[in-house]
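Welcome! Let's take a friendly tour of the spaces inside a protein and of what surrounds them. Have the structure open as you read.

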Amino acid sequence: MTTVQARVEAALERALPPREQPPQRLHEAMRYAVLGAGKRVRPLLAFAAGEAAGAAPEDLDTVACAVELIHAYSLVHDDLPCMDDDTLRRGRPTVHVEFDEATALLAGDALQSAAFELVASGTAAGDRGARLEMVRLLAQAAGSRGMAGGQAIDLTAVGRTLTLPELEFMHILKTGALIRASVTLGARCGALAAAELDRLDHYAKLIGLAFQVVDDVLDADASTVTLGKTAGKDAAQGKPTYVSVLGVERARELAEELRREAHEALDGFAERARRLRELADFIVLRRF
Ligand code: GRG
(Lines give C-alpha, C1' and ligand atoms only; values in the text may rest on other atoms or scores of the structure.)
Protein backbone atom coordinates (compact mmCIF):
# COMPACT_ATOMS: atom_id res chain seq x y z
CA MET A 1 0.00 0.00 0.00
CA THR A 2 2.76 2.43 0.93
CA THR A 3 4.54 1.87 -2.37
CA VAL A 4 1.40 2.47 -4.44
CA GLN A 5 0.42 5.46 -2.31
CA ALA A 6 3.85 7.04 -2.89
CA ARG A 7 3.68 6.29 -6.61
CA VAL A 8 0.21 7.87 -6.84
CA GLU A 9 1.34 10.91 -4.85
CA ALA A 10 4.14 11.50 -7.36
CA ALA A 11 1.77 10.99 -10.31
CA LEU A 12 -0.78 13.42 -8.81
CA GLU A 13 2.01 15.95 -8.25
CA ARG A 14 2.85 15.72 -11.97
CA ALA A 15 -0.78 15.76 -13.09
CA LEU A 16 -1.73 18.94 -11.22
CA PRO A 17 -0.85 22.38 -12.60
CA PRO A 18 2.21 23.95 -10.89
CA ARG A 19 1.34 26.47 -8.16
CA GLU A 20 3.42 29.21 -9.80
CA GLN A 21 1.40 28.98 -13.03
CA PRO A 22 -1.44 31.58 -13.22
CA PRO A 23 -4.07 31.62 -11.88
CA GLN A 24 -1.84 30.83 -8.88
CA ARG A 25 -4.48 30.93 -6.16
CA LEU A 26 -6.70 28.44 -8.00
CA HIS A 27 -3.80 26.10 -8.70
CA GLU A 28 -2.66 26.36 -5.11
CA ALA A 29 -6.17 25.44 -3.90
CA MET A 30 -6.31 22.45 -6.27
CA ARG A 31 -2.98 21.19 -4.99
CA TYR A 32 -3.99 21.79 -1.37
CA ALA A 33 -7.17 19.75 -1.93
CA VAL A 34 -5.35 16.77 -3.41
CA LEU A 35 -1.75 16.45 -2.25
CA GLY A 36 -0.24 15.19 0.97
CA ALA A 37 -3.18 13.46 2.65
CA GLY A 38 -5.98 10.96 2.15
CA LYS A 39 -5.96 7.19 2.24
CA ARG A 40 -5.97 6.94 -1.59
CA VAL A 41 -8.41 4.02 -1.41
CA ARG A 42 -9.68 4.57 -4.96
CA PRO A 43 -6.19 4.66 -6.57
CA LEU A 44 -5.24 1.57 -4.52
CA LEU A 45 -8.29 -0.21 -5.89
CA ALA A 46 -7.44 0.83 -9.46
CA PHE A 47 -3.90 -0.52 -9.04
CA ALA A 48 -5.09 -3.74 -7.41
CA ALA A 49 -7.66 -4.38 -10.15
CA GLY A 50 -5.01 -3.55 -12.74
CA GLU A 51 -2.69 -6.07 -11.14
CA ALA A 52 -5.42 -8.73 -11.41
CA ALA A 53 -5.73 -7.84 -15.11
CA GLY A 54 -1.98 -7.71 -15.86
CA ALA A 55 -2.01 -3.95 -16.61
CA ALA A 56 1.06 -1.74 -17.03
CA PRO A 57 1.76 0.53 -14.01
CA GLU A 58 2.13 3.65 -16.26
CA ASP A 59 -1.41 3.14 -17.55
CA LEU A 60 -2.68 2.65 -14.01
CA ASP A 61 -1.13 5.98 -12.94
CA THR A 62 -3.56 7.75 -15.27
CA VAL A 63 -6.77 6.12 -14.07
CA ALA A 64 -5.67 6.10 -10.42
CA CYS A 65 -5.06 9.87 -10.56
CA ALA A 66 -8.31 10.49 -12.42
CA VAL A 67 -10.49 8.76 -9.80
CA GLU A 68 -8.62 10.50 -6.96
CA LEU A 69 -9.10 13.91 -8.63
CA ILE A 70 -12.84 13.28 -8.93
CA HIS A 71 -12.90 12.14 -5.29
CA ALA A 72 -10.97 15.24 -4.15
CA TYR A 73 -13.36 17.52 -6.06
CA SER A 74 -16.34 15.82 -4.39
CA LEU A 75 -14.84 16.38 -0.93
CA VAL A 76 -14.14 20.07 -1.64
CA HIS A 77 -17.72 20.65 -2.80
CA ASP A 78 -19.23 18.45 -0.08
CA ASP A 79 -17.52 20.59 2.59
CA LEU A 80 -18.91 23.89 1.24
CA PRO A 81 -21.40 25.82 3.41
CA CYS A 82 -24.19 25.10 0.88
CA MET A 83 -23.69 21.35 1.41
CA ASP A 84 -22.16 19.79 4.52
CA ASP A 85 -20.62 23.03 5.80
CA ASP A 86 -17.51 21.49 7.32
CA THR A 87 -14.29 23.11 8.47
CA LEU A 88 -12.03 20.06 8.85
CA ARG A 89 -10.95 17.54 6.21
CA ARG A 90 -7.97 15.21 6.15
CA GLY A 91 -6.84 16.76 9.42
CA ARG A 92 -6.63 20.26 7.92
CA PRO A 93 -8.94 23.25 7.36
CA THR A 94 -11.28 22.63 4.42
CA VAL A 95 -10.49 24.37 1.13
CA HIS A 96 -13.10 27.14 1.50
CA VAL A 97 -11.78 27.90 5.01
CA GLU A 98 -8.13 27.94 3.93
CA PHE A 99 -8.88 29.91 0.72
CA ASP A 100 -12.44 31.18 0.16
CA GLU A 101 -15.75 29.79 -1.07
CA ALA A 102 -15.47 30.93 -4.69
CA THR A 103 -11.95 29.50 -4.97
CA ALA A 104 -13.10 26.20 -3.43
CA LEU A 105 -15.97 25.96 -5.91
CA LEU A 106 -13.65 26.62 -8.85
CA ALA A 107 -10.96 24.28 -7.51
CA GLY A 108 -13.54 21.47 -7.38
CA ASP A 109 -14.73 22.27 -10.90
CA ALA A 110 -11.18 22.34 -12.24
CA LEU A 111 -10.21 19.08 -10.48
CA GLN A 112 -13.11 17.35 -12.17
CA SER A 113 -12.07 18.71 -15.58
CA ALA A 114 -8.47 17.68 -14.92
CA ALA A 115 -9.60 14.10 -14.30
CA PHE A 116 -11.25 13.85 -17.70
CA GLU A 117 -8.35 15.57 -19.43
CA LEU A 118 -6.04 12.97 -17.92
CA VAL A 119 -8.04 9.94 -19.07
CA ALA A 120 -8.64 11.41 -22.52
CA SER A 121 -4.99 12.22 -23.12
CA GLY A 122 -3.36 9.29 -21.30
CA THR A 123 -2.09 6.09 -22.81
CA ALA A 124 -4.32 3.85 -20.69
CA ALA A 125 -5.96 0.98 -22.55
CA GLY A 126 -4.19 1.76 -25.79
CA ASP A 127 -6.59 2.69 -28.53
CA ARG A 128 -8.86 5.71 -28.70
CA GLY A 129 -12.09 3.71 -28.59
CA ALA A 130 -11.13 2.09 -25.30
CA ARG A 131 -10.12 5.47 -23.89
CA LEU A 132 -13.43 6.99 -24.91
CA GLU A 133 -15.23 4.16 -23.11
CA MET A 134 -13.18 4.97 -19.99
CA VAL A 135 -14.21 8.63 -20.22
CA ARG A 136 -17.83 7.50 -20.50
CA LEU A 137 -17.57 5.19 -17.49
CA LEU A 138 -15.98 7.91 -15.37
CA ALA A 139 -18.61 10.47 -16.44
CA GLN A 140 -21.38 8.04 -15.56
CA ALA A 141 -19.86 7.34 -12.14
CA ALA A 142 -19.46 11.04 -11.30
CA GLY A 143 -22.74 12.32 -12.74
CA SER A 144 -26.41 12.49 -11.78
CA ARG A 145 -26.81 8.71 -12.03
CA GLY A 146 -23.70 8.27 -9.91
CA MET A 147 -21.95 10.32 -7.23
CA ALA A 148 -23.65 13.71 -7.83
CA GLY A 149 -27.05 11.98 -7.89
CA GLY A 150 -26.28 10.21 -4.63
CA GLN A 151 -25.29 13.51 -3.08
CA ALA A 152 -28.59 15.06 -4.25
CA ILE A 153 -30.53 12.24 -2.55
CA ASP A 154 -28.38 12.64 0.57
CA LEU A 155 -29.23 16.36 0.79
CA THR A 156 -32.97 15.68 0.62
CA ALA A 157 -32.73 12.82 3.15
CA VAL A 158 -31.66 15.03 6.08
CA GLY A 159 -34.21 14.80 8.90
CA ARG A 160 -36.09 11.96 7.20
CA THR A 161 -36.22 8.26 7.94
CA LEU A 162 -35.05 6.07 5.04
CA THR A 163 -35.74 2.39 4.59
CA LEU A 164 -32.73 0.12 4.19
CA PRO A 165 -33.22 -0.21 0.39
CA GLU A 166 -33.49 3.60 0.07
CA LEU A 167 -30.32 4.06 2.11
CA GLU A 168 -28.57 1.44 0.00
CA PHE A 169 -29.66 3.11 -3.25
CA MET A 170 -28.32 6.48 -2.05
CA HIS A 171 -24.93 5.04 -1.13
CA ILE A 172 -24.58 2.86 -4.21
CA LEU A 173 -24.64 6.15 -6.10
CA LYS A 174 -22.89 8.53 -3.70
CA THR A 175 -19.91 6.44 -2.66
CA GLY A 176 -20.29 3.19 -4.56
CA ALA A 177 -20.27 4.51 -8.13
CA LEU A 178 -16.76 5.99 -7.95
CA ILE A 179 -15.37 2.99 -6.08
CA ARG A 180 -16.86 0.75 -8.75
CA ALA A 181 -15.35 2.92 -11.49
CA SER A 182 -11.94 2.75 -9.78
CA VAL A 183 -11.97 -1.05 -10.01
CA THR A 184 -13.42 -1.15 -13.53
CA LEU A 185 -11.03 1.44 -14.98
CA GLY A 186 -8.04 -0.28 -13.38
CA ALA A 187 -9.15 -3.63 -14.77
CA ARG A 188 -9.72 -2.15 -18.23
CA CYS A 189 -6.07 -1.08 -18.37
CA GLY A 190 -5.23 -4.77 -18.65
CA ALA A 191 -6.88 -7.75 -20.29
CA LEU A 192 -9.65 -9.78 -18.67
CA ALA A 193 -12.42 -11.99 -20.03
CA ALA A 194 -15.93 -10.48 -19.83
CA ALA A 195 -16.91 -12.94 -17.09
CA GLU A 196 -13.87 -11.94 -15.01
CA LEU A 197 -14.69 -8.23 -15.45
CA ASP A 198 -18.22 -8.99 -14.21
CA ARG A 199 -16.83 -10.70 -11.12
CA LEU A 200 -14.59 -7.73 -10.35
CA ASP A 201 -17.57 -5.45 -10.83
CA HIS A 202 -19.54 -7.52 -8.33
CA TYR A 203 -16.62 -7.32 -5.88
CA ALA A 204 -16.55 -3.52 -6.39
CA LYS A 205 -20.26 -3.14 -5.63
CA LEU A 206 -19.85 -5.10 -2.40
CA ILE A 207 -16.85 -3.17 -1.13
CA GLY A 208 -18.41 0.15 -2.21
CA LEU A 209 -21.31 -0.56 0.10
CA ALA A 210 -19.02 -1.91 2.82
CA PHE A 211 -16.98 1.31 2.63
CA GLN A 212 -20.08 3.37 3.42
CA VAL A 213 -21.33 1.07 6.19
CA VAL A 214 -17.92 1.35 7.87
CA ASP A 215 -17.86 5.12 7.28
CA ASP A 216 -21.17 5.40 9.15
CA VAL A 217 -19.89 3.23 12.01
CA LEU A 218 -16.71 5.31 12.28
CA ASP A 219 -18.69 8.57 12.23
CA ALA A 220 -20.65 7.28 15.21
CA ASP A 221 -17.77 5.57 16.95
CA ALA A 222 -14.39 7.25 16.29
CA SER A 223 -12.97 10.61 17.32
CA THR A 224 -12.43 13.72 15.19
CA VAL A 225 -8.67 13.44 15.75
CA THR A 226 -8.55 9.84 14.47
CA LEU A 227 -10.75 10.58 11.46
CA GLY A 228 -9.21 13.94 10.50
CA LYS A 229 -12.76 15.18 9.87
CA THR A 230 -15.59 16.15 12.19
CA ALA A 231 -16.92 13.01 13.88
CA GLY A 232 -20.56 12.54 14.93
CA LYS A 233 -21.85 14.84 12.19
CA ASP A 234 -24.41 12.40 10.78
CA ALA A 235 -26.36 12.18 14.02
CA ALA A 236 -25.96 15.91 14.71
CA GLN A 237 -27.43 16.72 11.29
CA GLY A 238 -30.21 14.13 11.54
CA LYS A 239 -28.84 12.15 8.58
CA PRO A 240 -30.11 8.62 8.02
CA THR A 241 -27.15 6.22 8.17
CA TYR A 242 -26.56 2.48 8.52
CA VAL A 243 -26.07 3.14 12.22
CA SER A 244 -29.34 5.05 12.60
CA VAL A 245 -31.25 2.38 10.66
CA LEU A 246 -29.53 -0.80 11.93
CA GLY A 247 -27.66 0.18 15.10
CA VAL A 248 -23.85 -0.06 15.46
CA GLU A 249 -23.68 -3.80 16.08
CA ARG A 250 -25.84 -4.83 13.14
CA ALA A 251 -24.03 -2.33 10.89
CA ARG A 252 -20.70 -3.93 11.89
CA GLU A 253 -22.10 -7.38 11.09
CA LEU A 254 -23.32 -6.15 7.71
CA ALA A 255 -19.84 -4.80 6.87
CA GLU A 256 -18.39 -8.19 7.80
CA GLU A 257 -20.93 -10.01 5.60
CA LEU A 258 -20.05 -7.75 2.67
CA ARG A 259 -16.33 -8.42 3.24
CA ARG A 260 -16.94 -12.17 3.11
CA GLU A 261 -19.01 -11.87 -0.08
CA ALA A 262 -16.35 -9.65 -1.66
CA HIS A 263 -13.76 -12.38 -1.01
CA GLU A 264 -16.11 -14.94 -2.59
CA ALA A 265 -16.49 -12.76 -5.70
CA LEU A 266 -12.72 -13.09 -6.20
CA ASP A 267 -12.75 -16.90 -6.14
CA GLY A 268 -10.96 -18.14 -9.22
CA PHE A 269 -8.51 -15.22 -9.43
CA ALA A 270 -6.02 -16.94 -7.11
CA GLU A 271 -2.86 -14.92 -6.39
CA ARG A 272 -3.74 -12.24 -9.01
CA ALA A 273 -6.41 -10.83 -6.67
CA ARG A 274 -4.35 -10.84 -3.47
CA ARG A 275 -4.29 -7.04 -3.25
CA LEU A 276 -8.02 -6.77 -3.96
CA ARG A 277 -8.64 -9.17 -1.05
CA GLU A 278 -6.33 -7.15 1.18
CA LEU A 279 -8.16 -3.95 0.24
CA ALA A 280 -11.54 -5.49 1.08
CA ASP A 281 -10.07 -6.27 4.50
CA PHE A 282 -8.59 -2.78 4.84
CA ILE A 283 -11.90 -1.10 3.93
CA VAL A 284 -13.85 -3.07 6.53
CA LEU A 285 -11.25 -3.28 9.30
CA ARG A 286 -9.90 0.31 9.07
CA ARG A 287 -10.10 2.57 12.10
CA PHE A 288 -10.00 5.92 10.23
C1 GRG B 1 -20.33 17.17 -4.01
C2 GRG B 1 -20.90 15.97 -6.16
C3 GRG B 1 -20.55 15.92 -4.75
C4 GRG B 1 -20.45 14.71 -4.17
C5 GRG B 1 -20.01 14.51 -2.81
C6 GRG B 1 -18.42 11.53 -1.81
C7 GRG B 1 -19.30 12.66 -1.44
C8 GRG B 1 -20.26 13.08 -2.45
C9 GRG B 1 -19.19 13.32 -0.28
C10 GRG B 1 -18.22 13.02 0.76
C11 GRG B 1 -18.91 12.99 2.08
C12 GRG B 1 -18.68 11.75 2.77
C13 GRG B 1 -18.08 11.86 4.11
C14 GRG B 1 -19.06 10.59 2.24
C15 GRG B 1 -18.88 9.33 2.90
C16 GRG B 1 -17.89 8.42 2.27
C17 GRG B 1 -16.67 9.11 1.82
C18 GRG B 1 -16.60 9.41 0.40
C19 GRG B 1 -15.71 9.40 2.70
C20 GRG B 1 -14.45 10.05 2.36
O21 GRG B 1 -13.65 9.19 1.61
P22 GRG B 1 -12.27 8.63 2.16
O23 GRG B 1 -12.47 8.04 3.52
O24 GRG B 1 -11.46 9.99 2.30
O25 GRG B 1 -11.68 7.74 1.12
P26 GRG B 1 -9.89 10.26 2.16
O27 GRG B 1 -9.70 11.59 2.82
O28 GRG B 1 -9.13 9.16 2.84
O29 GRG B 1 -9.60 10.31 0.69
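**Around the ligand and its pocket**

Helix α4 gives the most to the shell around the ligand, with six residues. Keep in mind that this is a predicted model. The ligand sits in the largest pocket, and the structure also holds one cavity of 30 Å³ or more. Rolling a probe the size of a water molecule over the atoms shows where empty space is left.

**The ligand and its neighbours**

- How many residues surround the ligand? There are 19, and the closest are Lys-39, Arg-42, His-71, Asp-78 and Arg-90.
- Start with Lys-39: a polar atom of its side chain lies 2.5 Å from an oxygen atom of the ligand.
- Next comes Arg-42, with an N or O atom in its side chain 2.8 Å from an oxygen atom of the ligand.
- For His-71, the distance from a side-chain N or O atom to an oxygen atom of the ligand is 2.8 Å.
- Taken alone, the ligand exposes 690 Å², and the protein buries 93% of that.
- Two or more residues of the shell come from each of these elements: α4 (57–78), α8 (147–157), α9 (164–188) and α10 (194–221).
- Sorted by class, the shell around the ligand has seven charged, seven polar and five nonpolar residues.

**The largest pocket**

- The pocket that holds the ligand has a volume of about 1000 Å³.
- Its lining is made of 45 residues, and those nearest its centre are Leu-75, Asp-78, Arg-89, Asp-215 and Lys-229.
- At least two lining residues each come from α3 (41–52), α4, α8, α9, α10 and α12 (233–236).
- The lining of the largest pocket divides into 20 charged, 14 nonpolar and 11 polar residues.

**The second largest pocket**

- About 390 Å³ of space lies in the second largest pocket.
- This pocket is lined by 17 residues, and Leu-137, Gln-140, Arg-180, Thr-184 and Asp-201 lie nearest its centre.
- The elements giving two or more residues to this lining are α7 (128–142), α9 and α10.
- Here α9 gives the most, with nine residues.
- By class, the lining of the second largest pocket has nine nonpolar, four polar and four charged residues.

**The cavity**

- What is the volume of the largest cavity? It is about 100 Å³.
- The residues that line the largest cavity include Tyr-32, Ala-33, Ala-72, Val-76, Asp-79, Arg-92, Pro-93 and Thr-94.
- Two or more lining residues come from each of α2 (24–34), α4 and β2 (92–93).
- Helix α4 gives the largest share of the cavity lining, with three residues.
- The lining of the largest cavity has seven nonpolar, four charged and one polar residue.

Key. Residues are numbered from 1 along each chain as its sequence is written. This is a predicted model: local features need pLDDT of at least 70, side-chain atom pairs count only at pLDDT 80 or more; totals for chains, interfaces and linings use all residues. Side-chain values use heavy atoms; hydrogens and water are left out. A residue is near a molecule or strand if one of its heavy atoms lies within 4 Å of it. A polar contact is a pair of N or O atoms within 3.5 Å; within protein, one must be able to donate a hydrogen and the other to accept it, and residues adjacent in sequence count only if both atoms are side-chain atoms. Accessible areas come from the Shrake-Rupley method with a 1.4 Å probe; for residues, only the protein chains shown count as cover. On a 1 Å grid over the protein atoms alone, a cavity is a set of points where a 1.4 Å probe fits but cannot get out, and a pocket is an open set with protein on both sides within 12 Å along at least five of seven lines; lining residues have an atom within 4 Å of a point. A molecule sits in a cavity or pocket if more than half of its atoms lie within 2 Å of its grid points. Helices (H or I, at least four residues) and strands (E, at least two) are DSSP runs, numbered from the N terminus. Ala, Val, Leu, Ile, Met, Phe, Trp, Tyr, Cys and Pro count as nonpolar, Asp, Glu, Lys and Arg as charged, and the others, Gly among them, as polar. Grid points are joined across faces, edges and corners, and a volume is the space filled by probe spheres set on the points.
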